[in-house]
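Please keep the sequence and the structure in view while reading the points below.

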Amino acid sequence: MLRNYFNISLRNLWKHKTFSLINLVGLSLAFATSLLLFLTSYQEFTYNHVHQNMDHIYRYYLKVNRAEETNFGSTVPAPVKDALLADYKKEIKHISRIRDISFVVKYKDKTISEGAVAVDADYAKMFSFDFIEGSAETALSDLSNIVLREDVAKKIFGDEPAMGKIIMAEIGDNPVPLKVSGITAKLPDNTNIENDMMIRYEINPDYIANKDNWNNSSSSLYVQVNDGITHSELEKSLKSFGPKYYKDAIEQVKKEGGKPDENGDIISAKMLPFDKEHFDRNIGGRGAMSIIYPYTLLIISIFIIFIACINFVNLSISRSILRAREVGIRKALGAIRGQVMGQFWGEALVTCLISLMLGILFFKLSITGFNALFNTTLSFQLLYNLNILGIVGLVFLLITFVAGGYPAWFISKVNTIEVLKGKLKTSSGSGLLRKTLIVKQFTISVLLISCTFIIWSQLQYLRTKPLGLDQNHVISVPVGREVEGSRMLTLLKSKLSGHPNIINITAADNNIGYGKDNSSSKSQFGIMHEGKMVNTNGLFVDFEYLKTMGIALKEGRDFSANFPSDSTKACIINESMAKVLGSKDLIDKKIELNEGKVIVGIIKDYHFESLKNNIEPITLMINGFPYTHIFIKIADKNVDATLAAIETSYREIAPNSEYLGSFLDENRNEQYRAERRFTQMFIYAAILAIFLSCLGLFAIAVINITDRFKEIGIRKVLGSSIAGLIWELSKDFMVLVLISIFIAAPFAYYFMEQWLSDFAYRIDIQWWFFALSGFTALVIAFCTISFHAIRAALMNPVKSLRSE
């Protein structure tokens, strides 16, 4: 019997090729796209899940309740570790500070430059590193140990055994010998824990100077607690930590108007669960994202599957009317209702199964392009994950049960006598369920189109809003680890000084935007001014920084080599800093910053951070932290040749480093990588949603118009015009699309208002976003329907009325 059902299913699929093709194309594309979106969101939701101790790991941070706002400090002073260990021995199992560090490794005649982290010995025990050689227990037990990732070890040693070998690391002013004590495998991409090279935290050049300094915050701190200790218990026990170790800071914040939070704390020590760090932008840093993004991808994947299922249900019900006589004969010959349901359900199962297989094939073929387009790291091997296989299987069964089950139930309940008498008549265009499903399809499509327009407009606004500096002619060149920043600046100036298209060269200890080195840092200082604490961002720059970057001077003067004291005593502040200081006539006034600085100039506010943030106070100084980026202003002419000259000069100075120069406008766009990826996914999802909706509408229109052939003939004989017939055949569908527009608009407005609230600088949502989205959907729907409506209207009425 089952074999017979299967054969009949295949025969019916082949017999009704058009409708079978629509179902197979719609479902297979929906399966493939939903798999891509679902796995992308799955990777985000399982961020850091590779670490087995994840549920017991927390990131320490500080919450400061100031008068104007609440600040979160994700970097901590070095002595916090020992203070926590002293006060919470029973709770803490492992603890480690983490600090990014740059250095060059030398072995024999090789010089390698790689990223590294300076950590405590517990780091290897807390996180789940796959040790190929060595062990987590002993890998960082000695101050002279270094643990290498497998590919880094290969770069340094080639085919030689690495364990136990001594390499020279240029950390600080003197080379430091380090012994390879472990080799680890590469971690998955969806974790923020690094293992390129791991050295002990105490190797930092400034460790001795800052190990007891509570005013220098430069490290992250992670804690693994013992089993049985909950997050609420941990934070409750930490309540006394803030008042004990930040007493002076608390008093100062109180003087400035800071008020206690709901727990009565001015400054409090907090612990963020490790599994939440990826979705916390206050603590997680650049790698963090809003949890809205993965949820949105998941919802879009469900929407697309839902639209394809609606097509399947509508087409199955519409086709079932044409097969009602077949059902009547089957029942007359003794088939019971369950057997009829089984037959039609079997056909749905075959269709869904073929579609799933095609969808998985499309998924495999599109992974490479999807990864390149959206900067993801999906692989086909993810489908071998039992959790994912289980979810895919459940979704498949649910789709088959619902999308296949309802049409099977619908057709199996027809009255045998009525069918055989030829009295069964159900209009394919009037069913309430079918109309409801079409409205839902186009509601989703219009919702996605509206969101796409709004997101795209916000991105355009972010790209084009003036930053207050020259981003089109300035190239940012990361210094790298091979040559110290000041020396790199001097050598580049020497090599490029005679180039006709090089206008200015300068340097700073931080980049503008995100360059190709993916580095980003932020230095903040607290200073006392006229009895109040003032916080400012700090930037150490070279002379001619303002001139090179095109930053406008509002008052005073620029830094100048003609004033020797500028190198140590001068500073320039922005308008926001001047406003916070509050005094009038700030030029030549002294502020207590870095042993005292005199304000020599005030610059106009410029956006040195993402447009998600308001412009904050910033103070520019000469000499301080090492330069990390060189900035070169070039002329408009012979740009390619100029870029080539810059790259050649850099490679001559640092032959073992990768040249990663980029224009500031490129860096700016990289700040919105997540939003850009989000927009691209929305665009493709909206296109697919409208395509699938129109695919279903196309098929329903065919059935509807076929069912009204005689009516069309009679109308033509009675004098109806072609335009009138086209409108008559299309108007019901147009009304459904209009209803969809009015339903979708408020939802789109609400969701986009929530998304835009993340941006300090944003567009206003205009009414024409929804008008344009609705008009787009109406035009596409009308074109879809009118294709068959025109054919029917042009047909000779004699053909449709011949039997009469």
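A residue counts as exposed when its relative accessible area is over 50%, as buried when that area is under 20%, and as partly exposed in between. Asp-588 has a relative accessible area of 60% and is therefore exposed. The model discussed here is predicted. Its secondary structure comprises 27 helices and 23 strands.

**The protein as a whole**

- The protein has 804 residues, of which 52% are buried.
- Among contacts with a separation of 6 or more, 80% are between residues 24 or more positions apart.

- As background, most residues other than glycine have a negative phi.
- The phi of Asp-588 is positive, near 75°, although the residue is not glycine.
- Asn-375 also has a positive phi, near 55°, and is likewise a residue other than glycine.
- The loop that holds Asn-375 lies between helix H13 (337-374) and helix H14 (386-412).

**Two asparagines in strands**

- Asn-65 is part of strand E1, which covers residues 57-65.
- The relative accessible area of Asn-65 is 5%, so this residue is buried.
- The side chain of Asn-65 forms a polar contact of 3.5 Å with the side chain of Thr-70.
- Apart from residues up to four places away in sequence, Asn-65 touches Thr-70, Val-253, Gly-258, Lys-259, Asp-261, Asp-265 and Ile-266.
- Asn-574 is part of strand E18, which covers residues 570-574.
- The relative accessibility of Asn-574 is 0%, and the residue therefore counts as buried.
- The side chains of Asn-574 and Asp-605 are joined by a polar contact of 3.2 Å.
- The side chain of Asn-574 also reaches the backbone oxygen of Glu-616, at 3.0 Å.
- With neighbours within four places in sequence set aside, the residues in contact with Asn-574 are Ile-602, Ile-603, Asp-605, Phe-608, Ile-615, Glu-616, Pro-617 and Ile-618.

- Leu-37 is located in helix H2, residues 17-45.
- With a relative accessible area of 4%, Leu-37 is buried.
- Leu-37 and Ile-300 are separated by 263 residues in sequence, yet their C-alpha atoms are 7.7 Å apart.
- Ile-300 is also one of the residues in contact with Leu-37, and the others are Leu-297, Ser-301, Ile-304 and Met-681, leaving aside neighbours within four places in sequence.
- Glu-235 is located in helix H7, residues 231-237.
- The relative accessibility of Glu-235 is 21%, so the residue counts as partly exposed.
- Glu-235 and Ala-269 are 34 residues apart along the chain, and their C-alpha atoms are separated by 7.8 Å.
- Not counting residues up to four places away in sequence, Glu-235 touches Lys-270 and Met-271.

**Packing of helices H16 and H25**

- Helix H16 spans residues 432-464 and helix H25 spans residues 722-756; their axes come within 7 Å and cross at roughly 40°.
- The crossing of H16 with H25 is right-handed.
- The residues of the contact between H16 and H25 comprise 21 nonpolar, four polar and one charged.

**Packing of helices H17 and H21**

- Helix H17 (residues 485-496) packs against helix H21 (residues 639-653) at an angle of about 130°, and the two axes are 10 Å apart.
- H17 is therefore oblique to H21.
- H17 crosses H21 in a right-handed manner.
- On the H17 side, the contact is made by Met-488, Leu-491, Leu-492, Lys-495 and Leu-496.
- On the H21 side, the contact is made by Ala-645, Ile-646, Ser-649, Tyr-650, Glu-652 and Ile-653.
- The residues of the contact of H17 with H21 are eight nonpolar, one polar and two charged.

Key: Residues are numbered from 1 along each chain as its sequence is written. This is a predicted model: local features need pLDDT of at least 70, side-chain atom pairs count only at pLDDT 80 or more; totals for chains, interfaces and linings use all residues. Side-chain values use heavy atoms; hydrogens and water are left out. Axes are lines fitted to C-alpha atoms, for helices over the stretch in contact, and angles run from 0 to 180 degrees between N-to-C directions. Helices (H or I, at least four residues) and strands (E, at least two) are DSSP runs, numbered from the N terminus. A crossing is left-handed if the near helix is turned anticlockwise from the far one by less than a right angle, and right-handed if clockwise. Ala, Val, Leu, Ile, Met, Phe, Trp, Tyr, Cys and Pro count as nonpolar, Asp, Glu, Lys and Arg as charged, and the others, Gly among them, as polar. Buried means under 20% relative accessible area, exposed over 50%, partly exposed in between (1.4 Å probe, protein chains only). A polar contact is a pair of N or O atoms within 3.5 Å; within protein, one must be able to donate a hydrogen and the other to accept it, and residues adjacent in sequence count only if both atoms are side-chain atoms. Contact means heavy atoms within 4.5 Å. Angles under 35 degrees count as roughly parallel, over 145 as roughly antiparallel, 65 to 115 as roughly perpendicular and the rest as oblique.
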